[in-house]
Amino acid sequence: MEDVKYGSAKRRRMINDTIVHVSLAILAFIWVFPIIWVVLTSFRAEKGSYVSTFLPQNYTIDNYVRLFTDTTILNFPKMFGNTLFIAICSCILSTFYVLATAYCLSRLRFKLRKPYMNMAMVLGLFPGFMSMVAVYFILKALGLSEGGLIRLALILCYSGGAGLGFQIAKGFFDTIPVAIDEAALIDGCTRWQIFWKISLPLSKPMVVYTVLTAFIGPWVDFIFAKVICRANADYYTVAIGLWRMLEKEYIDSWYTCFAAGAVLISIPIAILFMFLQRYYVDGMSGAVKG
Amino acid sequence: MKKKFLVLMTLLMSLCLIGGCGSQGQSASGNGETEDIRLMVWAPSEDQSKDSGEWLRKCCEAFAKEHPEYNIHFVYGVADEATAATTVAQDPESSADVFMYANDNLTVLKDAKAAAKFGGIYEQEVIDTNSETIVNSLRSDGYLYGVPFTTNTWYMFYDKSVFSEEDIKNLDTMLERGVVSFPFTNSWYLPAFYVGNGCTLFEDGTVEEAGVDFAGEKADDVTNYLIDLMANPNFVVDADGSGMAGLRDGSVNAIFTGSWDAASIKEILGDNMGVASLPCYTLNGEEKQMYAYAGSKAIGVNATSDNMVASIQLAIYLGSAEAQRLHYELRNVVPCNTELLNDESIAGDMLVTAQNDTFNNTSILQPFVSAMSNCWTPVENMGKGIRNKSVTHKNAKEQTQAMNDAMNSNGL
């Protein structure tokens, strides 16, 4: 009995590994499958929203070309630009808000600290779009619901509430020893200098995470953009544009362009991620040694 | 530190105040002969695109020329007929003065008190230039709420090389000759069979208390017919664009849809494209006519508009024969003006004939009473049930009764 066990240990591990890898491969395939399909569809030469074959019969890049040239009905380049501008601005603003709030709550002690955290927790339980109608009327009262100010309105919408989402960043700051801060204080640093020159460089993974989420939020948002843009087509974001491509009147001729648009909007996020990815890894290495 | 903060806050707040006032500044000062007005107009993006001739801008400019008493500053926005009403209802005050909407959204507009009523000479003009059915599609409680500019319904597109003029009169004959695709699981289309056999919705579509009558033997017969239809190998369900794809690869010879797909179908079938109003179907040996839901698209005026007279005049102009003709020439929007329909150049168009034949002969006015909103899901479920074979000849009677019950209840 025992002999058999010893003899098969290697083999058993191999069998185990095979099973694990095969199931992982299947899962990975299932997961990547829809994305591959969208990419394939974006290169499909046959028109229409429905095709009887799974793989496209002919390939073309016309769908991409059309997105950028056929701009009289759905102006994709403009929407892309709008979204990029809004997303970058709100990304910068909300990253700052989140990190600053988290830092304060982690390092400073003040009377409202606990109540603020409780309030943020409770408010965080509500979906953001619950306040949508109120937000719309407030923006309208401020005169931000018409013309170019719509962009400002959207930036405010996306970044204004960011300070409530401090929890993860605060958790991270809590792990950086307070001793470092104290040492810096003794050396004459101000709170701001500690935050900017010591804590932030030590928290690169957190900063990266915050930047990514802060960028993706406005980049993919549909509901606020739809409510605030209304009939101002010049300020539409890509989410609205893509949604419009699937309406009854457009779906047949725009479906493949829709897939192309879907592929394109993933590019900025991918670039941002690839650029920031390395900081995920080396954020803490060798820095905190007290 | 504190002082700085205070100064900053005050500055911010005063900025906000100025911003708030700024948006309300209106230049509506009259100076004797010409009046400066600002009119916001919403239309679908095709009406404004250069590729399709900028119908909206051309019409608005022509209107301004006809009315020298106004000095109009036009502001254009994009809202298609299907969604404009909801967007206007969301906040009428900062919405367009003149917009285009589909008549099934009239209740939404009315509930938000956002649609202006047309009366007097304006109402008379609409009545004089349109058929009674289409005017009624924009009436509610006796008031008229817009100027119709086209009808909105579905009909049949077919391949002339497969079906003859004689074949297309009956669905069952067509199924012997070729493959027919029908949006079986879409509740805008499926009721056509039930209505064809005498089922009614809110009597003539306006009496909410009367409820829906999709029950009894007449409805059971239709359900049984549909089960057989589904089993026919030449019948294909059209869902998610599969009918159009079938036309493209030649596996389908006829589909049911509306003018929005006409251009694509023309591209596929070319000269073989045939368009016709709905066929009959043979139920227990008797021929029954299918009836589509029909509605209209109209130009509405915002009830909160600051320049009511000018807005109404513009709406009337955008719905006039002249504007409709331009709309037809630029974008193939089927006109509904009675005078234009008698015009030979327009009456000769297959699409116009089919759409108007359908509207006049083989359709019922799509009810826009509030209770209509309960009628969509049960019919859709019936279609899906038949497709999935969970509705069979055995339980057809109970299932039909269940559909009728669900249509008559608000789900509470």
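The crossing of helix 3 of chain A and helix 7 of chain A is right-handed. Keep in mind that this is a predicted model. Over in chain B, five strands make up an open sheet, and 27 residues of chain B touch 22 residues of chain A.

**The helix pair in chain A**

- Helix 3 of chain A covers residues 76-107 and helix 7 of chain A covers residues 167-175; their axes come within 8 Å and cross at roughly 50°.
- On the helix 3 side, the contact uses V98(A), L99(A), A102(A), Y103(A), L105(A), S106(A) and R107(A).
- Helix 7 of chain A answers with A169(A), K170(A), F173(A) and D174(A).
- Sorted by class, this helix-helix contact has seven nonpolar residues, one polar and three charged.

**Where chain B meets chain A**

- Chain B puts 27 residues into the contact, and chain A puts in 22.
- On the chain B side, the elements giving two or more residues are helix 1 (2-22), strand 3 (70-78) and helix 11 (242-249).
- Helix 11 of chain B gives the largest share of that side, with five residues.
- By class, the chain B side splits into eight nonpolar, 12 polar and seven charged residues.

**The sheet in chain B**

- Reading across the open sheet of chain B, the strand order is 12-9-13-8-14, and the pairing is mixed.
- Strand 12 (235-237) and strand 14 (273-276) of chain B are the edge strands; each has a single partner strand, so one side of each has no neighbour in the sheet.
- On average, neighbouring strands here are turned by 25° against each other, direction ignored.
- Inside the sheet, strand 8 (residues 155-159) and strand 13 (residues 254-257) of chain B pair in the antiparallel sense over four bridges.
- If you want one bridge to look at, M156(B) has F256(B) in strand 13 of chain B as its partner.
- Helix 17 (residues 350-361) of chain B packs on the sheet, touching strand 8 and strand 14 of chain B. The direction of helix 17 makes about 25° with that of strand 14 of chain B.

**Y101(B): buried or exposed?**

- Y101(B) sits in strand 4 (residues 98-102) of chain B.
- Y101(B) is buried, because 31 other C-beta atoms lie within 10 Å and 20 or more is the mark for buried.
- Leaving out neighbours within four places in sequence, the contacts of Y101(B) are E81(B), A84(B), A85(B), L109(B), A298(B) and G300(B).
- Y101(B) and P148(B) are 47 residues apart in sequence, and their C-alpha atoms are 9.4 Å apart in space.

- As background, most residues other than glycine have a negative phi.
- D240(B) isn't a glycine, yet its phi is positive, at about 55°.
- You'll find D240(B) in the loop between strand 12 and helix 11 of chain B.
- D240(B) is exposed, with 12 other C-beta atoms within 10 Å; the cut-off for exposed is 12 or fewer.
- N284(B) is another non-glycine residue with a positive phi, near 50°.
- The loop that holds N284(B) runs between strand 15 (280-283) and strand 16 (286-289) of chain B.
- N284(B) counts as exposed too, with 9 C-beta neighbours inside 10 Å.

Definitions and conventions. Residues are numbered from 1 along each chain as its sequence is written. Chains are lettered from A and ligands numbered from 1 in the order in which they are written. This is a predicted model: local features need pLDDT of at least 70, side-chain atom pairs count only at pLDDT 80 or more; totals for chains, interfaces and linings use all residues. Two residues are in contact if their C-beta atoms, placed from the backbone, lie within 7 Å. Ala, Val, Leu, Ile, Met, Phe, Trp, Tyr, Cys and Pro count as nonpolar, Asp, Glu, Lys and Arg as charged, and the others, Gly among them, as polar. Two strands pair if DSSP finds at least two bridges between them. Axes are lines fitted to C-alpha atoms, for helices over the stretch in contact, and angles run from 0 to 180 degrees between N-to-C directions. A crossing is left-handed if the near helix is turned anticlockwise from the far one by less than a right angle, and right-handed if clockwise.
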